[in-house]
Amino acid sequence: FLALGWASWKTYLARPDTDQCRVLSLSVLGRALLKSRPRDALPVLEETVALRRRYWWHHEENILAAQGSLSVCLSQLGRREESVVL
């Protein structure tokens, strides 16, 4: 899953922030990193939430899913108080 995340991210990295494929690939990478390397996943998941809020604010389900992944990551890193706020 992690190799797929990196491959996807490399494929769409050059596209603008507003490109849906780019944010989806970032999300896949973040979730893949979350399984084995939550510290590395944190900035990726934070960026995913930020992009979704900025450009796709009207897709509430996607924002909630991104926030959920970020919350799990924060919890795994021992930052439970922050994860509850999301």
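Modeller: Happy to! Arginine 80 is exposed, with a relative accessible area of 51% (buried means under 20%, exposed over 50% and partly exposed in between, with a 1.4 Å probe and protein chains only). Arginine 80 lies in helix α5, residues 80-85; helices are DSSP runs of H or I with at least four residues, strands are runs of E with at least two, and both are numbered from the N terminus. This is a predicted model, in which local features need pLDDT of at least 70 and side-chain atom pairs count only at pLDDT 80 or more, while totals for chains, interfaces and linings use all residues. Residues are numbered from 1 along each chain as its sequence is written, and side-chain values use heavy atoms, with hydrogens and water left out.

Leaving aside neighbours within four places in sequence, arginine 80 is in contact (heavy atoms within 4.5 Å) with Leu74 and Ser75. Leucine 2 is 78 residues away from arginine 80 in sequence, and their C-alpha atoms are 25 Å apart.

The 17 residues of α4 reach 24 Å from first C-alpha to last, close to the expected 24 Å, where the expected span is 1.5 Å times one less than the number of residues. Buried in α4 are Ile63, Ala66, Gln67, Ser69, Leu70, Ser71, Cys73 and Leu74, and the buried residues of α4 pack against α2, α3 and α5. Take glutamine 67, which sits in α4 and is buried at 11% relative accessible area. Beyond its neighbours within four places in sequence, glutamine 67 touches Val49, Arg53 and Leu86.

Next comes α3, with 18 residues and a reach of 25 Å, close to the 26 Å expected. Its buried residues include Leu42, Val44, Leu45, Val49 and Leu51, and the buried set packs against α2 and α4.

Now for the helix pairs. Two packed helices are described by the angle between their axes and the distance between the axes. Here axes are lines fitted to C-alpha atoms, for helices over the stretch in contact, with angles from 0 to 180 degrees between N-to-C directions. The axes of α2 (residues 20-36) and α3 (residues 38-55) come within 8 Å and cross at roughly 150°. That makes α2 roughly antiparallel to α3; under 35 degrees counts as roughly parallel, over 145 as roughly antiparallel, 65 to 115 as roughly perpendicular and the rest as oblique. The crossing is left-handed, that is, the near helix is turned anticlockwise from the far one by less than a right angle, clockwise being right-handed. Among the residues making this contact are Val23, Leu26 and Leu33 of α2 and Ala41, Val44 and Leu51 of α3.

As for α2 itself, its buried residues pack against α1 (2-12), α3 and α4; they include Val28, Gly30 and Ala32. Against α1, α2 packs at about 155° with the axes 8 Å apart, so α1 and α2 are also roughly antiparallel to each other. Their crossing is left-handed. Leu2, Trp6 and Trp9 of α1 are among the residues in this contact, as are Cys21, Ser25 and Leu29 of α2.
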